[in-house]
Amino acid sequence: MKRPAVYMMANRQNGTVYTGVTSNLAKRAYEHKHGLADGFTRKYSCKMLVFVEYHETMEFAILREKQIKGGSRKKKVELIEQTNSEWKDLSLALH
C-alpha cells in the first residue's frame, strides 16, 4: 500500500536505529531487510522495522522525519517504546 510514512529500522532492541521516510513502506522495509538498500541500514544490519508513523502527505512525512532525526537518541527510543515496547519487527504484519 502506498502511503507516506516515517519509519525506524533497528538491528536489535536498544541497538542502532535508522530513521527514514517512504511512500511504500512494505517495499522499503523489504529492501532494508534483504540488504538491497545501500548505506547505513546495510552497514549496521538494521533489518527490524520497529516504528511506523503514517501521514496524509509526503510533505508532512518529510517534515516529521527531519524532526525525529534532529532529536536525541533518547527521544527516538521513547517513540519506539510508546508503540512497540518489545521492539517487535513490524514488517511481518505488512504483507
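Student: Over how many bridges do strand β1 and β2 pair?
Tutor: The model is a predicted one. Strands of a sheet pair through backbone hydrogen bonds, either parallel or antiparallel. Here β1, residues 2–10, pairs with β2 in the antiparallel sense, and the count of bridges is 7.

Student: Which residue in β2 is the bridge partner of alanine 10?
Tutor: Within this pairing, methionine 8 stands opposite threonine 19 in β2. For alanine 10, the bridge partner in β2 is valine 17.

Student: Which residue in the turn of the β1 and β2 hairpin has a positive phi?
Tutor: The hairpin leaves 6 residues between β1 and β2. In that turn, a phi of about 60 degrees belongs to asparagine 14.

Student: Is glycine 15 buried or exposed?
Tutor: Glycine 15 lies in the loop between β1 and β2. Beyond its neighbours within four places in sequence, glycine 15 is in contact with Arg73 and Trp87. Buried means under 20% relative accessible area. Glycine 15 has 5% relative accessibility, so this glycine counts as buried.

Student: In what order do the 3 strands stand in the open sheet?
Tutor: β2 (17–24) and β3 (48–54) are at the edges, each with a single partner strand, so one side of each has no neighbour in the sheet. Neighbouring strands are turned by 25 degrees against each other on average, direction ignored. The pairing is antiparallel, and the order is β2-β1-β3.

Student: What angle does the direction of helix α4 make with that of β3?
Tutor: Helix α3, residues 58–70, packs on the sheet and touches β1, β2 and β3; its direction makes about 180 degrees with that of β2. Helix α4, residues 73–83, also packs on the sheet, touching β1, β2 and β3. Between the direction of α4 and that of β3, the angle is about 85 degrees.

Student: Which elements give two or more residues to the largest nonpolar core?
Tutor: This core has 12 residues in all, including Val6, Val50, Phe51, Ala61, Ile68, Val77 and Leu79. Apart from it lies another core, of 6 residues, among them Tyr7, Met9, Leu25 and Leu49.

Student: Which tryptophan is in contact with alanine 10?
Tutor: Alanine 10 belongs to the largest nonpolar core. Leaving aside neighbours within four places in sequence, its contacts include Val17, Cys46, Met48 and Val50.

Methods
Residues are numbered from 1 along each chain as its sequence is written. This is a predicted model: local features need pLDDT of at least 70, side-chain atom pairs count only at pLDDT 80 or more; totals for chains, interfaces and linings use all residues. Side-chain values use heavy atoms; hydrogens and water are left out. Two strands pair if DSSP finds at least two bridges between them. Helices (H or I, at least four residues) and strands (E, at least two) are DSSP runs, numbered from the N terminus. Axes are lines fitted to C-alpha atoms, for helices over the stretch in contact, and angles run from 0 to 180 degrees between N-to-C directions. Contact means heavy atoms within 4.5 Å. Buried means under 20% relative accessible area, exposed over 50%, partly exposed in between (1.4 Å probe, protein chains only). A nonpolar core is a set of buried Ala, Val, Leu, Ile, Met, Phe, Trp, Tyr and Cys residues joined through side-chain atoms within 4.5 Å.
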